[in-house]
Amino acid sequence: MKNPFDPSTLVVGVSLFAIILSGGWSLHQRSVLNEAAAQRDASIQTFERLSTLKGRWGDSPDVQRKRAYLMGHPALVRQEQRQKTLLLEYANLSKNEFDRIVGTLMNAPFVITKLTLTRNTNTGTISVEIER
Amino acid sequence: MIPFYPLYRRFTTLFQCFGKRRYGYIDRSLCAIPEGKEALYIILSPDLYRITIVALPVATTQEALRYAPAYFDAGDAAMVYGAYRLDEGRYLLSACDPEPVRKRLEESGVNPSSVVRFVLAQEAFGVDVLPIALSDDSALALSEGVVVRLPSQYVSTPAQHELEEVLQRLLPCLSGFKANMHKGGTATKKTLIMSAVLSGLIALNFIVQGVLSYREGKRIMDEQEQMQTLKHLPTTQMELDALADTWEKKEREQIKLRKIIAVFGTLPLESNATVSLPPPSAPAQNGIVLVPGSNPSEQNLLLIPGDSNATTGTIGSGGGEFVESLGFENGVITFKILTPSADRAEKVRDIASRILKTNTVTIKETSVEGSIQ
């Protein structure tokens, strides 16, 4: 058997060790890079999805205008700003007013967390909680 | 010993003679390596090579060398041949088999690949120092112009010099020869150096690749962290996914709420029948926002310009049959429809179950109640 401390054995051994060590480290760094890149891509994708959703249900000028209409309606009997929501209650609504408010709520991208529509023969009431 | 060297060889080797040459000789033949040192030049004993003096009608040693294999007829052995010009038309040809030399060197503890050149005893010693006494009771002597190794008793003239002594005054310019002393499969020093250099380059390449990957990875991670900090996003992908999923769920619920309320407008209630729904004249205009996710080209059932509205038929119209209440909380929609009679309530219940696709619709006297999830 060849002497393990023979210079040629040592040279070959050290060279192999250096290659394996550096190669292993390089591969590890490459996998870390790939992982980071994949994570970044996934984050960007999710962020874009989130941005689209938030943009779709966000506070656009049109939404602000409609919110102002809802908050300034003469039949508004209760308005309460909560931590994340806004509670609006309307009473004694005529048929047209009732329809207009419901139409405004349904056709604007308000995130409605709670809604109660009631009516009797002549008047209606609306209680709605929307995310701010 | 060999009297006629080509002039150029003398010049080329002269420098080496006074340079860093170091001679060794093979023990039991002619080798005695200075302790702790490896010989660069080895003087070969006559029993390790063969010599013949021939008459050749050639002008140069190079030409003479071409005839050497024929004179020695060594078969397939990888011999190393040499040719020395003695005088006009007379040459001394030598042949050496490297294999026994290599074995002899290994037995003597010398790395064969460390030997730069081999020098024949024929070439190394002057006529004046022969015969030379060797340690194993033999001697180097001259026989018909050829240095031979003989037991001391066969040497006619007693040896006057010891080997150690004559090694100090070798002939000044020895050319010797190179020989491949490497066993098959054994790497030469040069190969090892080249291998080490190549390995170093490969390792360096790996290291550079690794460093570049590390830097790029760090840059990506920093960039991502910065983006998340700036946009107040969660730090982990799972949290970000959860947030996006929550928003998607929220959107699905909102669209569902709007669709179901729109469906209420299509229920064949008496109140709906009495109120005709004019088509939308200007959808998606005047601040009208369509239900998210719906097709803008489709008729918008929820908002109709003017005093009429899709919800007009659902809630708020006159008559004895109408939706009295509609609630939404935690994704569940509850409703209550008033009807004029129990029979009508039965019919409305069936219609509501079918259209709203729910089996939770119940009748309480003349009212129909249910929920949709």
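## Close-up views of a predicted two-chain model

**View 1. Confidence along chain B.** In this predicted model, chain B has an average pLDDT of 71, and 69% of its residues score at least 70. Within chain B, the highest confidence is found in helix H6(B), at a mean of 87, and the lowest in helix H1 (residues 7-17) of chain B, at 38. Where pLDDT is low, the predicted coordinates should not be read in detail. For the complex, the predictor gives an ipTM of 0.78 and a pTM of 0.50.

**View 2. Overall make-up of chain B.** Chain B contains nine helices and 14 strands. Of its 373 residues, 31% count as buried. Among contacts in chain B with a separation of 6 or more, 56% join residues 24 or more positions apart.

**View 3. The side of chain B that touches chain A.** The contact takes 49 residues from chain A and 52 residues from chain B. On the chain B side, the elements giving two or more residues are helix H6 (189-230), helix H7 (237-264) and strand S11 of chain B. H6(B) supplies the largest share, 17 residues. By type, the residues on this side of chain B divide into 26 nonpolar, 17 polar and nine charged.

**View 4. Leu53(A) at the contact.** Leu53(A) belongs to helix H1 (residues 7-56) of chain A. With 18 other C-beta atoms within 10 Å, Leu53(A) is partly exposed. Leaving aside residues up to four places away in sequence, Leu53(A) touches Ala244(B), Trp247(B), Glu248(B) and Glu251(B).

View 5. Eight strands form an open sheet in the order S1(A)-S2(A)-S4(A)-S3(A)-S11(B)-S12(B)-S14(B)-S13(B), with antiparallel pairing. Strand S1 (76-81) of chain A and strand S13 (362-364) of chain B stand at the edges; each has a single partner strand, so one side of each is left without a neighbour in the sheet. On average, neighbouring strands of this sheet are turned by 15° against each other, direction ignored. H7(B) packs on the sheet, where it touches S3 of chain A as well as S11, S12 and S14 of chain B, and its direction makes about 175° with that of S11(B). Helix H9 (residues 342-356) of chain B also packs on the sheet, touching S12, S13 and S14 of chain B; the direction of H9 makes about 15° with that of S14(B).

**View 6. Strand pairing around S11(B).** Strand S3 (residues 112-119) of chain A and strand S11 (residues 322-329) of chain B run antiparallel and are joined by five bridges. Thr116(A) has Gly327(B) as its bridge partner in S11(B), and Leu115(A) stands opposite Phe328(B). S11(B) is also joined, by seven bridges, to the antiparallel strand S12 (residues 332-338) of chain B. Here the bridge partner of Val323(B) is Ile337(B). S11(B) and S12(B) form a hairpin with two residues between them, and Asn330(B) in the turn has a positive phi of about 50°. Further along the sheet, six bridges join S12(B) to strand S14 (residues 367-372) of chain B, again antiparallel. In S14(B), Ile337(B) has Val368(B) as its bridge partner.

**View 7. The four-stranded open sheet of chain B.** This open sheet has the order S9-S8-S7-S10 (chain B) and mixed pairing. Strand S9 (146-151) and strand S10 (161-162) of chain B stand at the edges with a single partner strand each, so one side of each is left without a neighbour in the sheet. Strand S7 (residues 132-133) of chain B pairs with S10(B) in the parallel sense over two bridges. The bridge partner of Ile132(B) in S10(B) is His161(B).

**View 8. The two faces of helix H3 of chain B.** In helix H3 (residues 98-107) of chain B, the buried residues are Pro98(B), Val101(B), Arg102(B), Arg104(B) and Leu105(B). Seen down the axis of H3(B), these buried residues fall within an arc of 165°, so they line one face of the helix. The exposed residues Lys103(B) and Glu107(B) are carried on the face turned away from the buried side. After H3(B) comes Gly109(B), with a positive phi near 80°.

Methods
Residues numbered from 1 in each chain as written. Chains lettered and ligands numbered in written order. Predicted model: local features only at pLDDT ≥ 70, side-chain atom pairs only at ≥ 80, totals over all residues. Buried ≥ 20, exposed ≤ 12 C-beta atoms within 10 Å, placed from the backbone. Arc of directions from axis to C-beta. Pairing = 2+ DSSP bridges. Contact = placed C-beta atoms within 7 Å. Nonpolar A, V, L, I, M, F, W, Y, C, P; charged D, E, K, R; others polar. pLDDT = per-residue confidence, 0-100. Axes fitted to C-alpha atoms, helices over the stretch in contact; angles between N-to-C directions.
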